[in-house]
Amino acid sequence: MQFIKGLLLALFCATACVTAPNGALAQSSEPPASTAPDYDEWRNVAARAESITDAGTADDATLNELRQELVTFRARFLAAQDANQTRIASLREQIAALGPVPEEGTSEAPEIATRRAELTEQLTALQAPGIAAQEAFRRADGLIRQIDVILRERQAEALLELWPSPLNPVNWVAAADAVWGRSFTFYTQVAGALDDPARLREFRSNLPIVLLLIGFAGFVLLRGRRWIEHAVAKLLHEEGARKSKRVFAEIASLAQILVPVTAVVAVAIALELTGIIGEIGSDLTTALIGFGVIYFSARWAGGEIFPVVETPQLALKLPDARRREGRFLSHLMGLIMGAGLMIYEYINPEVQTDAANAVILFPIIVLAGLVLVRFGSLMTLHAKLCTDQGEERRFFDRMINILGRGALVIGAGSPVFAAVGYVQAAEAVLFPAIVSLWVVAVLIFVSQLVSDTYDMVTARKLDDPDALIPALISFALVLLSLPVFALIWGVRPTELLELWQVLREGFRVGETRISPTNILSFVIVFSIGYMLTRMVQGALGSTVLPKTKIDKGGQKAVISGTGYVGIFIAALVAISTAGIDLSGLAIVAGALSVGIGFGLQNIVSNFISGLILLIERPVAEGDWIEVGTTMGTVRSISVRSTIIETFDRTDVIVPNADLISGTVTNWTRFSQTGRVIIPVGVAYGSDTRKVERILKEIGDAQPLALLDPAPAVHFTNFGADALEFELRIVISDVGFGLSVRTEVRHQIAERFKQEGIEIPFAQRDIWLRNPEVLRGDAPVAPAADTPQEAAQSNLMQYDEVSETDTGDTSDADGPDQR
C-alpha cells in the first residue's frame with residue numbers, strides 16, 4: 001500500500017540519505033576497472049531479459065531482480081569504457097608525432113610507414129575493449145529502460161484500478177467480516193496462549209519486569225514529557241535569553257520525540273515479554289512503536305511551526321488562535337496517521353478483498369483529507385497576512401502559498417476519489433502529501449537551527465541584515481532533501497542509486513570526463529586558493545604596503561593586481577588538481593570566444609582600461625577630476641568602471657574606457673595648488689592705480705595665497721560699461737577655490753565702498769522706430785518735413801538697465817561647493 005510506504009519512508013528518511021551514497025558506491029565499485037566483463041555470461045543474461053520483457057508475463061519481483069542484475073552489468077560496462085585510456089592517449093600522441101598521413105599518390109619513408117602501421121594496430125587493439133563495452137552498455141541500458149516502462153505502466157494501472165465504492169452499504173458487510181475474522185483470529189491466539197502452561201509460567205516470571213516497564217512508560221508519558229516541554233518553552237521564550245540558550249533549547253526540543261518514544265518502546269517490550277499476545281499482537285506492538293514515532297513527531301512539528309509564544313523567528317506569521325489551531329491539527333494528524341498504521345497492521349489488507357479495504361481505509365482518508373485542508377488554509381492565510389501587512393513577499397512565502405494551495409486541492413480531492421472507488425490513487429496522493437509537509441517542517445526547523453547557531457557564533461544582532469552563509473546551508477539542505485521527497489512520492493530506491501552512480505561517473509565532453517568528484521575537487525582547491533589570496537591581500541593592505549612610500553592609489557593597485565593574479569593561479573591549480581583536461585574543449589572555446597568577443601567587446605575594453613588605470617594610475621581615489629561634462633571626486637576605481645562623486649553628492653559611473661580614450665582634467669593628482677581669477681569692473685573716471693593697489697592688498701592678505709608667485713592685478717580691458725581688472729591668486733589648495741573667491745569678493749565690495757570707487761552696472765540705450773505702433777495709434781501720414789524734424793518725431797529714446805554677472809563662470813565648480 002502506498003500509504004504505509006510513505007510512512008516508512010518518512011520514518012527512515014535520514015537513513016535513506018546516508019545509505020544511498022554508500023549503496024551507490026558499493027554498486028559502482030563492485031567490478032574492478034581492470035577486470036574485463038564476462039561477455040559470454042552477459043549475452044545469456046541479455047537474451048533472457050529480452051525474452052522476459054517481450055513475453056510481459058513476469059511479476060514485479062522477477063522484473064526487479066532481473067533489473068538489478070542488468071544494473072550490475074551496466075556498471076561494469078561503464079567502468080570498462082575507460083579501459084586503457086592513458087595508453088590510448090599516448091599512442092595517439094605518438095602517431096601525431098609521426099606527422100600527417102601522406103596524401104594519395106605520395107609516399108613517406110619506409111621506417112615511418114612501418115612505425116605508423118604498428119602504432120595504428122596497437123591503437124585498434126586497445127580501443128576494442130572500450131568499443132565492446134560501449135555497445136554492451138547501451139544494450140543493458142535499453143533493457144533497463146524497457147523494464148522501467150513495464151513497471152511504471154503496471155503501477156499506473158494499479159493506481160487507476162477502480163475498487164468497489166466504500167459508500168455502497170453492500171460493501172460494508174465485507175469490511176465487517178474482515179474486522180470480525182481478524183478479531184476472532186486475534187482472540188484465538190491470545191486464548192491459546194493463556195491455555196498454554198508454559199506461556200503462563202513465562203508470563204508470571206516476566207511480570208515484575210512487565211510492570212516495571214509499564215510504570216516507567218506511564219511516568220515518562222504523564223510527567224517526563226511535560227517537564228521537557230516546559231523546560232524547552234522557558235528557554236525558547238525567556239526574555240533577554242542568549243543565543244546559546246535558544247540553540248540549546250532547539251536541540252533539546254528533539255527530546256520531545258525521543259523521550260516519549262522510549263516510553264512507547266518500553267510498553268511494546270512489556271507486551272512482548274508477556275508472551276500471550278500472539279502473532280497479531282506482535283505485529284501490533286511493532287505498529288505501536290511506529291504509532292509513537294508518528295504521533296510525537298507530528299506533535300513536535302506542530303509545536304515548532306505553531307509555537308505557543310509569538311517570536312520574531314516565527315516560520316508562519318499567524319495570530320494566536322490560528323497557531324493554536326495548527327497545534328491541534330498536528331496532534332490530530334499524528335493520531336490519524338498512527339491509527340492508520342495500527343489498522344493496517346491489524347487488518348493486513350493484502351489478504352482482504354478490495355471491497356473490505358476500501359471501506360476500512362475510507363474513514364482514514366476522509367479525516368486525513370479534512371485535516372490537510374485545514375493545514376492548507378493556514379498556509380495560504382500566512383501568505384495573505386504577509387501581503388496585507390505590506391511586507392515584501394519572500395521566496396519562502398511564495399512557496400508556502402503554493403504548498404498551501406496544493407494541500408487544499410489534495411485534501412479536498414482525495415476523499416472524493418476514494419468515495420468513487422479510486423482508493424489506491426487517493427492513498428498515493430494524500431499520504432505522501434502529508435509526509436512531505438512533515439519533511440518541510442523538519443527543513444524549516446533545521447534551517448532555523450543553522451541560522452541561530454551562526455548568529456550565536458558570529459554574535460549577529462537581530463536588526464542586522466540576513467547572513468549569506470546560513471542561506472547557502474539552507475539551500476544545500478533543500479537540495480539534499482530532494483531524494484527524500486522522491487522516495488516519498490514513489491520513486492524506487494534503485495532508481496535513486498542508479499542516478500547517484502551516473503552522477504559519480506560523470507559525463508563526457510569530448511575526451512574529457514567530468515564527474516562530481518572532479519567538480520568537488522575543483523571547488524575545494526579553488527576555495528582554498530581564493531581564501532589564501534584574500535589573506536595575502538589583507539596582509540599587504542594592513543602590514544606591508546602601509547610601511548612603504550607608495551601612495552594610497554598605488555597600494556590599492558598592488559592589492560587589486562595581487563587578487564587577480566591569485567584568483568587566476570587558484571583556477572589553474574584547481575583545474576589541474578581536478579584532472580579536468582580542457583584540451584578537448586579548445587575548439588569549442590575558440591568558436592565561442594569569437595561570438596562572445598563581439599558581444600562583450602565593450603566590457604573587455606573597459607576591463608583592459610581598468611587594468612591600465614590601476615597600473616599607470618593617472619587617476620587615483622580622492623582626485624578631483626573632470627571628464628567631459630562630469631566633475632567631481634573619484635570615489636572608487638574597479639576593473640570595469642570608475643565611480644565619481646559630484647559636488648551635488650550624486651554618484652556617476654564612468655566606464656574606464658572613457659578615462660583612457662577621452663580627455664580627463666585632473667585638478668589634484670600631482671599638486672593641490674591652483675590659480676583662481678576674480679574679474680572686477682570699475683566705473684570710468686576711477687583712479688586705476690588706486691584700484692590696482694587695493695586689489696593687490698586684498699590678494700596679499702589671503703592666508704591661502706602663495707608668496708611665489710605672489711598675487712597679481714592686471715588691467716585687462718576698456719569694457720563697454722566699465723574698466724576691467726583681474727585679480728589672480730595662486731592658492732595652496734585649489735579645493736578651497738570657491739571659498740577664496742567668495743571671501744575676496746566680499747572684501748572688494750567693502751574696500752571699494754570705503755574708498756568711494758563705483759562698481760558700475762550695465763547700461764544700454766535703445767531707440768525705437770514708429771512708437772505709435774506700440775501705442776495702437778493710427779499711422780500718421782508723412783509730412784513734408786525736413787529730414788531732421790522727421791527723425792525727431794518718429795524716434796524715442798528709452799533707457800533699459802539690465803544686470804549682468806561679471807564673475808567667472810568657473811566659480812560654480814569646486815570641491816568646496818559641497
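User: Hi! How do the axes of helix 13 and helix 14 cross, and how many Å apart do they come?

Analyst: Hello! In this predicted model, the axes of helix 13 (residues 354–388) and helix 14 (residues 395–420) come within 7 Å and cross at roughly 155°.

User: Are they roughly parallel or antiparallel, then?

Analyst: Roughly antiparallel, because angles over 145 degrees count that way.

User: And is the crossing left-handed or right-handed?

Analyst: Helix 13 makes a left-handed crossing as it passes helix 14. The residues of their contact divide into 19 nonpolar, 9 polar and 2 charged.

User: Nice. Switching to the open sheet of 3 strands: what's the strand order?

Analyst: The order is 8-10-9, and the pairing is antiparallel.

User: Which strands stand at the edges?

Analyst: Those are strand 8 (674–682) and strand 9 (712–718). Each has a single partner strand, so one side of each has no neighbour in the sheet. On average, neighbouring strands here are turned by 25° against each other, direction ignored.

User: How many bridges join strand 8 to strand 10?

Analyst: There are 9 bridges between strand 8 and strand 10 (residues 723–731), and the two run antiparallel. As for residues, Val 682 stands opposite Leu 723 in strand 10.

User: What does helix 23 touch when it packs on the sheet?

Analyst: Helix 23 (residues 688–700) touches strand 8, strand 9 and strand 10. Its direction makes about 20° with that of strand 10.

User: And where does helix 24 lie?

Analyst: Helix 24 (residues 737–755) lies across strand 8 and strand 10, and runs at about 25° to strand 8.

Key. Residues are numbered from 1 along each chain as its sequence is written. This is a predicted model: local features need pLDDT of at least 70, side-chain atom pairs count only at pLDDT 80 or more; totals for chains, interfaces and linings use all residues. Side-chain values use heavy atoms; hydrogens and water are left out. Two strands pair if DSSP finds at least two bridges between them. Helices (H or I, at least four residues) and strands (E, at least two) are DSSP runs, numbered from the N terminus. Axes are lines fitted to C-alpha atoms, for helices over the stretch in contact, and angles run from 0 to 180 degrees between N-to-C directions. Contact means heavy atoms within 4.5 Å. Angles under 35 degrees count as roughly parallel, over 145 as roughly antiparallel, 65 to 115 as roughly perpendicular and the rest as oblique. A crossing is left-handed if the near helix is turned anticlockwise from the far one by less than a right angle, and right-handed if clockwise. Ala, Val, Leu, Ile, Met, Phe, Trp, Tyr, Cys and Pro count as nonpolar, Asp, Glu, Lys and Arg as charged, and the others, Gly among them, as polar.
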